[in-house]
Structures are given as structure tokens and as C-alpha cells.
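Trainee: Could you walk me through the aromatic contacts in this one?
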Amino acid sequence: MASDTLNAQQELRSKPLGVPITVQGLTKRFNREPLYQDFNLEISAGKITCIFGPNGCGKSTLLNMIAGLIPIDAGQILFGDKLLHKTRIGYVFQNYRDALYPWLRAIDNIKYPLKVARYSSTQQRMRVEELVHLFSTNINLNRYPYELSGGQQQLVSIMRALAIQPEVLFLDEPFSALDYEATLLIRDKLQGVLQASGLTMVMISHDLEEAVYMADHILLLTKRPTQVAERVEFNAKRPRTAATLADAEFIQVRSHCLEVFQREVYR
């Protein structure tokens with residue numbers, strides 16, 4: 001029994017580094033009209049990449065194709081040198097109310113992917129404890145989702161997505177349904193996750209300031225048929241704080257991204 005516990009501890013503490021993502025020749029059509037045509041993209045390992053672009057350019061579609069939720073018509077997507085089915089991924093949905101299982105307590109929502117992956121009871125318990133420590137949260141995990149605030153529900157969703165220690169975490173506008181206080185809290189928690197685990201994060205945002213604040217790389221898209229307008233780096237140190245918003249580099253990067261965005265919108 002002691003040996004099993006030790007093995008579980010070693011497995012759960014061996015955090016994998018994130019993997020790079022390579023999109024090659026991606027093509028996707030809707031009603032015979034190309035949304036993406038021979039689209040290519042490189043996403044860096046262990047960084048936060050935020051996707052930003054005009055309405056209708058297919059931001060969520062791109063995220064969902066990379067995550068395997070929407071089939072592609074042509075092309076290839078690699079995670080390092082692996083295909084999706086050999087890569088551990090987590091996904092945080094925009095609408096936390098629909099993402100969590102309402103009939104399961106918060107703790108059982110978090111454990112769910114571990115049960116599917118056939119982790120032992122000991123491993124499940126230890127992983128939840130590790131996540132609670134990582135997020136420094138005092139949420140009562142024995143409550144059901146409807147008994148939690150919106151920010152607490154989204155935190156539970158993120159903890160569930162991280163339960164199996166993914167190499168890539170996808171986030172589809174994770175703050176859009178939250179109030180400002182909850183948004184600030186979860187932004188800080190996600191930065192802590194990045195620093196602690198080094199996983200790759202790919203996030204969609206509809207708020208340019210938020211995208212620049214969170215990202216190491218901002219991926220600016222064109223109108224359809226969608227291509228990469230520009231890939232912009234922001235190298236401010238982490239953890240980023242309110243002071244980051246007044247930093248000269250932040251203001252310059254945000255202004256440049258806005259110029260590129262407006263150019264594409266009015267093209």
C-alpha cells in the first residue's frame with residue numbers, strides 16, 4: 001500500500017512540459033465557402049498564445065479544430081511529433097454553467113476525467129489535493145455547481161481540465177461570462193498554473209487588452225478566408241499585475257495589435 005502511494009505521488013508530481021503545436025495546410029469549408037484555406041501556424045511550447053481577430057473569422061472554429069472537436073477538411077495538426085490522440089489536452093469552455101455536470105459535486109466534477117482515465121482512488125484524491133494547493137482555493141468542493149458562484153464554477157472547470165496534467169490547455173473566452181472580480185482572480189490563477197507546470201495554453205479572447213495582458217504571443221487573424229495577419233510577442237515578466245497595464249511595452253504592443261486589427265477589419 002505504501003509503495004502504491006509513493007508511486008502515485010511520483011506520477012502526479014512529474015509535471016510534463018507543454019508541447020509545441022504545428023498546423024500545416026489546414027483547410028475548412030462551410031457551405032462550400034472556405035473559412036480556412038491552406039492555413040499554417042506554429043504555437044510555441046510552454047507559452048500562452050491568445051487568438052484575436054475580426055468577428056466571423058473563425059477563432060472558436062480554429063481552436064476547436066486544433067482540439068479535435070471539429071473535423072478538418074484537409075491538412076495536419078501535430079503536437080510536438082505526435083497526433084492529437086497521443087496528446088493529453090484539457091479544454092475550458094466559455095459557458096461554465098453548461099460545462100459542469102450539475103448532478104455531480106464539484107470534487108466529483110474534478111475527478112471525472114481521472115476516473116475515465118482509470119486513475120486509482122489514491123491518485124484521484126492526491127491530484128485534487130495538488131490542484132487545491134496550486135489554486136490556493138477555499139471553495140467547498142462538496143457543493144454542487146449550482147451552489148457556487150460563477151467564478152467558483154469556472155475555477156472548478158479549470159481544475160477539471162488540468163486534472164490529467166495536460167500538455168495543452170485550450171480556453172475558449174474563459175472570462176467572458178464572469179464579473180470583473182472573478183476575471184482578475186482567474187487571470188492570476190492561470191498565470192500561476194503556467195509558471196508551475198510549463199504547459200502550453202491556447203486562448204481565445206474578445207478583449208484586446210486582456211489578450212495582450214495574458215499572452216506571450218498574440219495571434220492576430222484576418223477576415224475569411226482566414227490567415228495569420230501577424231504574430232506579436234509580449235515578453236513582460238510574470239506574474240503580471242495591474243502595473244503591467246501602465247508599462248510602456250504593454251501600451252506599445254496593445255497599440256500595434258489594435259492597428260493590425262483595424263487594418264484587417266476595414267480591409
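This is a predicted model: local features need pLDDT of at least 70, side-chain atom pairs count only at pLDDT 80 or more; totals for chains, interfaces and linings use all residues.

Trainee: How many aromatic pairs does a search of the whole structure find?
Mentor: The search finds 8 aromatic pairs. In one of them, Phe52 and Phe261 have ring centres 5.1 Å apart with their planes at 55°, so this pair is tilted, as an edge-to-face label would need planes over 60 degrees apart.

Trainee: Which parts of the chain does that pair link?
Mentor: It links distant parts, since Phe52 belongs to strand S3, residues 48–52, while Phe261 belongs to helix H9, residues 248–265, and the two are 209 residues apart.

Trainee: What about Phe234 and Phe250, how are they arranged?
Mentor: Those two form an edge-to-face pair, 5.8 Å from centre to centre and with 65° between the planes. Phe234 lies in the loop between strand S9 and H9, and Phe250 lies in helix H9, so the pair ties together parts that are 16 residues apart in sequence. Both Phe234 and Phe250 are buried.

Trainee: Which residues do ring pairs link into a cluster?
Mentor: That cluster is made of Tyr91, Phe93 and Phe170.

Trainee: Switching topic, what sits over the ring of Phe30?
Mentor: The charged end of Lys28 does, 5.3 Å from the ring centre, and Arg160 lies over the face of Tyr101, at 5.5 Å from the centre of that ring.

Key: Residues are numbered from 1 along each chain as its sequence is written. Side-chain values use heavy atoms; hydrogens and water are left out. Rings of Phe, Tyr and Trp (its six-membered ring) pair if their centres lie within 6.5 Å; planes under 30 degrees apart count as stacked, over 60 as edge-to-face and the rest as tilted. Helices (H or I, at least four residues) and strands (E, at least two) are DSSP runs, numbered from the N terminus. Buried means under 20% relative accessible area, exposed over 50%, partly exposed in between (1.4 Å probe, protein chains only). A charge sits over a ring if NZ of Lys or CZ of Arg is within 6 Å of the ring centre and within 35 degrees of the ring normal.
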